[in-house]
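This briefing concerns a metal site and a set of charged side-chain pairs. Please consult the sequence and structure below before reading on.

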Amino acid sequence: MSSHPTRRTSAPPRRSWARRAVTAAVAAGAITGLVVTSPAATASPAAPASASAFNDTRAMDRPTTSAFAAPDISLANVKSHLNQLQTIASNNGGNRAHGRPGYRASIDYIKAKLDAAGYTTAIQQFTANGATGYNLTADWPGGDPQNVLMAGAHLDSVNAGPGINDNGSGSAAILETALAVSREGLKPQQHLRFAWWGAEELGILGSRHYVSKLPSTERSKIDAYLNFDMVGSPNPGYFVYDDDRRVEAVFKNWFAAKGISTEIETEGDGRSDHASFKNVGITVGGLFTGAGRTKTAAQAQKWGGTAGQAFDRCYHRACDTISNLNDTALDRNSDAIAHAIWTLGAPS
Ligand SMILES: [Zn+2]
């Protein structure tokens, strides 16, 4: 999460992502009559997919179990990635900041995992504040290239510390979700693309560079961008972005099914990489467990933790280390991320 509020620009009108997907599917000849020929229909004859189901607002009320139920994301695996990021910071002057060796080492660690899992990875270079920055993208082969579902997290820390909650947490959670896609051999209807952004802490510069370099034809293929910036805060809240009704519902329903109440995310508005996408009219969503804001008594009542204390007392400080995490929040958010990828990426 950047401490630099980004300038709000007036976004062009957004089309519903569901309508775009169905339109594209029709154009691609994927729909015969009302039945979509998809892995969902093949794998689960009891629950045939239909064109209308994709665009049906009642889909928000679907149970979370389906032929495409996401696997449980291993907290131990997510923490193993975070331990690696902590080690990288410790070995490189205590941070993983833009322009510092710890940032490039973080990119290399994540890229190697994705390459070994069968992803098509790419590193995009840009210059910011006189230093070279890097974005990493990882495409899962397959899915409809006209309908891209993206999930991203910024990988850079501030100079002050190792940036384990901000934002090793989101980076590790989407990495482990991407690896689960590979392990499960997921054949989603959407094309999946994961991204790790550089120079977010300088004002979402990496993601802004990525979006600025995307031709408009490529932008229009992105049905939704999901952002995960701080998902393991030590005194956590459970916040869901409210930018898009359908995407928001996928997350809210997951938490509701576990008996966990959520609130609309407001602390990070315009302060993380989703803003780069939202500003050009792309549908966005995401999760957040809180930064420098103080947890209220009412929030402590429903979520536990300490009222009157920040969600993350180590936000942008040297103490944002491997011990600056709430394991329960990290585990829940990682599972919710996988649920969203499985639900939005492979609609059944
Ligand atoms: Zn930050």
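**Salt bridges and zinc site**

In this predicted model, R104 and D108 form a salt bridge whose closest N and O atoms are 3.0 Å apart.

**Pairs within a helix**
- R104 and D108 lie four residues apart in helix α5 (residues 101-116), so they are separated by about one helical turn.
- R104 is partly exposed, with a relative accessible area of 30%, and D108 is also partly exposed, at 36%.
- K252 forms a salt bridge with E248, with 3.5 Å between the closest N and O atoms.
- Because K252 and E248 are four residues apart in helix α9 (residues 245-257), about one helical turn separates them.
- K252 is partly exposed at 35% relative accessible area, whereas E248 is buried at 12%.

**A pair between distant parts of the chain**
- E263 forms a salt bridge with K302, the closest N and O atoms being 2.7 Å apart.
- This pair links strand β9 (residues 263-264), which holds E263, to helix α11, which holds K302, 39 residues apart.
- E263 counts as partly exposed at 24% relative accessibility, and K302 is partly exposed at 40%.

**Zinc ion**
- The protein donors are M1 (O), D166 (OD), E201 (OE), E201 (OE) and H316 (NE2), at 1.8 to 2.5 Å from the zinc ion.
- M1, in the segment before α1 (17-27), and H316, in the loop between α11 (297-303) and α12 (327-345), are 315 residues apart.
- M1 is buried at 3% relative accessibility, and H316 is buried at 18%.
- The sequence spacing of the donor residues is M-x164-D-x34-E-x114-H.

How values were computed
Residues numbered from 1 in each chain as written. Predicted model: local features only at pLDDT ≥ 70, side-chain atom pairs only at ≥ 80, totals over all residues. Heavy atoms only, no water. Donors = N, O, S within 2.8 Å, 3.2 Å for Na, K, Ca; no water. Helix = DSSP H or I, 4+ residues; strand = E, 2+ residues; numbered from the N terminus. Buried < 20%, exposed > 50% of the residue type's maximum accessible area, 1.4 Å probe, protein only. Salt bridge = Lys/Arg side-chain N within 4 Å of Asp/Glu carboxyl O.
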